[in-house]
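Here is a short briefing on a protein chain and its ligand. Look at the structure first, then read the points below.

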Amino acid sequence: AKKPGRPPICFFTAEMNAQVHERLRLEQDLNKVLARGELQLAFQPIFRAEDGAYVGAEVLLRWLHPERGFISPTTFIPLAESTGQIVAIGEWVLREAGRQLRRWLNAGLAPGYLAVNLSRVQLREDLEQLIRSVLHDNALPPQALELEITENILLDDHQQINAVLGRLHGQGLRFSLDDFGTGYSSLSYLRRFSFDTLKIDRSFVAPLCDDAEAAALVRAIVAMAHSLSLKVIAEGVETRAQLEFLQALGCDYMQGYLLSRPLDAEHFTTLLTRFARE
Ligand code: C2E
Ligand code: CA
Ligand code: CA
Ligand code: CA
């Protein structure tokens, strides 16, 4: 019941309390997410621009909450990062990606590589051990995994991160620089870290066809990446016009709703089965 004469600030306080409460609820639910088996992986295929050949897929995390239904990773991953829960969740993602690759290989399919998103909290000394165990447990070559990291991660602790990444790269793992152009870009990262691919963010791809400056930027990014021997993946390709433009600009790989939305494992198996027949 509303008490008369209270200042309107109370409404905001109540709302803020509700937000804090909501956050705590989600945080508690996140603690049980692994035990309850509520996480799933989705897979979005990546294709070579030149001939449309399938090369691999990006792994995207999905949370199916028993009461709330689907919760977007853009909501729960930042929360899991701030509480540290992302370490256990991220380990599950890597292990499940490895197991899924093994299932597809055992079924005689050709899944290519899986690209897994890493949070900065996961870039620790023990990441190396975890990756080695995922590869070993599923009898996979290092090239089966690609690790996607954003440029903001690189702000943290250059030397330590660089050493971990450098060792993994030396063992044959591939790295991609995710969301290129959206963070605190410093081009010197590209020289200092051992990246194999650069992913051009969707925000550059979306305006491509109607904005000459966006096109000039993408052209410059591709030229720079190629001069550093990096391959370029365009993210968020939604229209045929964008696809053709990106091909003309020399992008190496394409990913986006035009080609395929992220699919659950079952639908992705169907896709791989179709590719195997073609
Ligand atoms: P991201 O790494 O940039 O992933 C690409 C996002 O764009 C995905 O959103 C994907 O579903 C969406 N997308 C792909 N193609 C298109 C398109 O053509 N149009 C549009 N509008 N969107 C497209 P999603 O799955 O909601 O993931 C959001 C973000 O959550 C990811 O952005 C990534 O930063 C993070 N994330 C997802 N899975 C993981 C994970 O396992 N670990 C970590 N640390 N982060 C993850
Ligand atoms: Ca990504
Ligand atoms: Ca991205
Ligand atoms: Ca993004």
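A residue is near a molecule if one of its heavy atoms lies within 4 Å of it. By that rule, 22 residues surround ligand 1. The closest are Gln44, Arg62, Ser119, Glu238 and Tyr257. This is a predicted model: local features need pLDDT of at least 70, side-chain atom pairs count only at pLDDT 80 or more, and totals for chains, interfaces and linings use all residues. Residues are numbered from 1 along each chain as its sequence is written, chains are lettered from A and ligands numbered from 1 in written order, and side-chain values use heavy atoms, without hydrogens and water.

**Polar contacts (pairs of N or O atoms within 3.5 Å)**
- A nitrogen atom of ligand 1 lies 2.9 Å from an N or O atom in the Ser119 side chain.
- Arg202 places a polar side-chain atom 3.0 Å from an oxygen atom of ligand 1.
- The Asn117 side chain has an N or O atom 3.1 Å from an oxygen atom of ligand 1.

**Cover and shell**
- On its own, ligand 1 has 810 Å² of accessible area (Shrake-Rupley method, 1.4 Å probe), and the protein covers 84% of it.
- Helices (H or I, at least four residues) and strands (E, at least two) are DSSP runs, numbered from the N terminus.
- β2 (54–65), α2 (73–83) and β6 (174–180) each give two or more residues to the shell around ligand 1.
- β2 gives the most, with four residues.

**Whole chain**
- The chain has 10 helices and 10 strands.
- Its C-alpha atoms fill a box of roughly 70 × 50 × 40 Å along the principal axes.

Technical notes: A polar contact is a pair of N or O atoms within 3.5 Å; within protein, one must be able to donate a hydrogen and the other to accept it, and residues adjacent in sequence count only if both atoms are side-chain atoms.
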